[in-house]
Every structure is written in C-alpha cells, then in structure tokens.
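Hi,

Here is the structure I promised to pass on. Have a look at it first, then read my notes below.

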Amino acid sequence: MDKYTCIIIEDEPLALEKTRDFVNKVPFLQLSATFDNALTGLNYLNNNKVDLLFLDINMDELTGIELLESTKITSQVIITTAYQEYALKGYELQITDYLLKPFAFNRFLQAVNKAQANLAQSESAAQPNFIFVKTENRLEKVMLDEILYIEGMRDYRRIHTANKRVMTLQNFSEFEKLIPSSIVCRVHKSYMVALNKIESIERSRIKIADQLIPVSETYKDIFFQLINNNG
C-alpha cells in the first residue's frame with residue numbers, strides 16, 4: 001500500500017494529540033512531523049516533500065491562512081479549526097477540506113480519503129500508460145491496461161495480455177520498478193498480476209482469464225493490502 005507523508009501544524013496540545021491519534025489510525029498516512037507554530041512548519045515545508053498538511057488557522061505570529069497566502073503549497077491541505085467563518089477563504093486558496101472542531105473520526109476519514117484520491121489522481125496523470133519491453137532484437141510496446149499477468153519461465157518472463165504474449169529476459173525486479181504496484185503487483189516468485197484483471201480470489205489462488213495463479217506467503221500480506229486499498 002502506498003503511504004502518504006503528512007505533517008500537523010497545530011498550537012493547541014489537545015487538538016494536536018487528537019489529530020495525531022486519528023492519523024495513526026489511517027494505514028495510508030505516515031506522520032513525518034508536528035509543529036506548534038506556522039513559522040517552523042513553513043520552514044519544514046520549504047525543505048521537505050509533504051503530501052498532506054493538517055493546518056490550524058488561529059496561531060500566533062503567522063496564521064494558517066497567512067501561511068497559505070505567503071507561499072505556494074504543493075501539498076494537499078486540510079484545515080482544522082474551531083472557526084467556520086474562514087471556510088470560504090480556505091476554499092479560495094484551493095484547500096482539500098475544512099474540518100470544523102470538534103470533528104469525529106468518520107468526518108476526518110472523509111477528508112483524508114478525498115486527499116488520497118487527489119494524490120492518486122496526480123500520480124496517475126504523471127505516469128505513462130505503457131512500457132517498452134526488450135524482446136529478441138527489438139523493443140516492443142506493451143500497454144499497461146492490457147496486461148493480464150506476467151509469468152516467470154526459468155530465464156525468461158512471459159507477459160500475457162489480452163491480445164498477445166511477449167517473451168523477455170527482463171526480470172521481475174525491473175518490472176516492479178517500471179510498473180506501479182497499484183496496477184501490476186508481485187504475488188509469487190514466478191508471477192505478477194494486474195489487479196483490475198482479477199476475476200476471483202479463493203484459497204490464495206487468483207483467477208485471471210481462466211488461469212489460476214498462486215499467491216505465496218512472501219507476498220500475501222502486501223497483495224491483500226493492495227486489494228483492500230483498491231476495494
């Protein structure tokens with residue numbers, strides 16, 4: 001499962017602790033740092049990649065709104081505040097969501113799910129939808145959305161697609177670097193499968209295009225995490 005880094009900028013200790021607890025309950029979030037003022041938080045943002053920012057508004061020296069206005073923030077931003085009157089201004093600054101304190105976990109989860117969807121969409125837009133595979137004396141183009149599964153055959157790998165089969169000496173490690181695990185993931189020392197081509201899963205066996213593919217213990221946990229994340 002892909003994890004997204006996040007930080008919390010919040011000057012109220014109890015509110016900070018609550019947001020931290022909520023973050024720790026979400027499997028796809030990884031808390032990198034917390035700050036009790038916007039200036040130190042801004043310095044961290046300027047020097048580190050952050051996917052998601054939880055931002056309080058009313059803080060000394062620099063408010064959350066002033067932080068957003070003073071610099072270009074590339075992170076997804078979820079505002080956490082007790083003051084409803086800043087909502088319109090927040091959305092003008094293209095925030096992801098606006099959580100009004102006190103907020104419950106289910107409302108928090110709605111906000112982070114929205115942020116996750118935005119981040120996944122950005123990643124998808126940046127990723128090519130094909131790869132080139134070395135086969136015989138040429139490079140052959142393979143569309144990612146046509147891959148059914150990739151099979152290991154001694155020194156070779158065979159890519160099964162809806163329209164053709166491609167034999168290559170490229171190894172599984174190369175494919176794992178080329179193809180996001182959210183599209184095609186490793187399930188066995190001899191197999192990778194396309195998640196959206198799975199017809200059924202039963203007793204650690206995957207059915208794709210009338211082929212039964214085993215899921216080994218080594219890859220079982222990661223595979224089912226990916227399935228749950230896409231489910």
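Thr19 sits in helix H1, which covers residues 13-24 (helices here are DSSP runs of H or I with at least four residues, strands are runs of E with at least two, and both are numbered from the N terminus). With a relative accessibility of 2%, Thr19 counts as buried (buried is under 20% relative accessible area, exposed is over 50%, and partly exposed is in between, using a 1.4 Å probe and protein chains only). Setting aside residues up to four places away in sequence, Thr19 touches Ile8, Phe54, Phe103 and Phe108, where contact means heavy atoms within 4.5 Å.

Before you go further, keep in mind that this is a predicted model, where local features need pLDDT of at least 70, side-chain atom pairs count only at pLDDT 80 or more, and totals for chains, interfaces and linings use all residues. Residues are numbered from 1 along each chain as its sequence is written, and side-chain values use heavy atoms, with hydrogens and water left out.

Now the whole protein. It has 7 helices and 15 strands. Its radius of gyration is 22 Å, well over the 17 Å that the globule rule gives for 231 residues, so the protein is more spread out than a compact globule (the radius is taken over C-alpha atoms, and the rule is 2.2 Å times the number of residues to the power 0.38). Along the principal axes, the C-alpha atoms fill a box of roughly 65 × 40 × 25 Å. Of the 231 residues, 43% count as buried. Among contacts with a separation of 6 or more, 51% come from residues 24 or more positions apart.

Next, a glutamate to click on. Is Glu140 buried or exposed? Glu140 belongs to strand S7, residues 138-143, and it counts as buried because its relative accessibility is 16%. The side chains of Glu140 and Lys164 are joined by a polar contact of 3.0 Å (that is a pair of N or O atoms within 3.5 Å; within protein, one must be able to donate a hydrogen and the other to accept it, and residues adjacent in sequence count only if both atoms are side-chain atoms). Apart from neighbours within four places in sequence, Glu140 is in contact with Ile131, Phe132, Val133, Thr135, Lys164 and Val166.

Tyr156 is in strand S9, residues 156-161, and has a relative accessibility of 40%, so it counts as partly exposed. Leaving out residues up to four places away, Tyr156 touches Glu151, Met167, Thr168 and Leu169. Its C-alpha atom is 7.5 Å from that of Asn171, which is 15 residues away along the chain. Ala120, in helix H5 (residues 105-126), is also partly exposed, at 35%.

Most residues other than glycine have a negative phi, and most peptide bonds are trans. Which kind of peptide bond runs from Lys101 to Pro102? That bond is cis, with omega near -5°, and Pro102 is in the loop between strand S5 (97-100) and H5. Arg154 is not a glycine, yet its phi is positive, at about 55°. You will find Arg154 in the loop between strand S8 (147-153) and S9, exposed with a relative accessible area of 83%. Asp210 also has a positive phi, near 70°; this residue is in the loop between strands S14 (205-208) and S15 (211-214), and at 67% relative accessibility it counts as exposed.

Finally, a pocket. The second largest pocket holds about 230 Å³ of space. On a 1 Å grid over the protein atoms alone, a pocket is an open set of points where a 1.4 Å probe fits, with protein on both sides within 12 Å along at least five of seven lines, and lining residues have an atom within 4 Å of a point. Grid points are joined across faces, edges and corners, and the volume is the space filled by probe spheres set on the points. The residues lining this pocket include Leu68, Lys72, Gln76, Leu93 and Thr96.

Cheers
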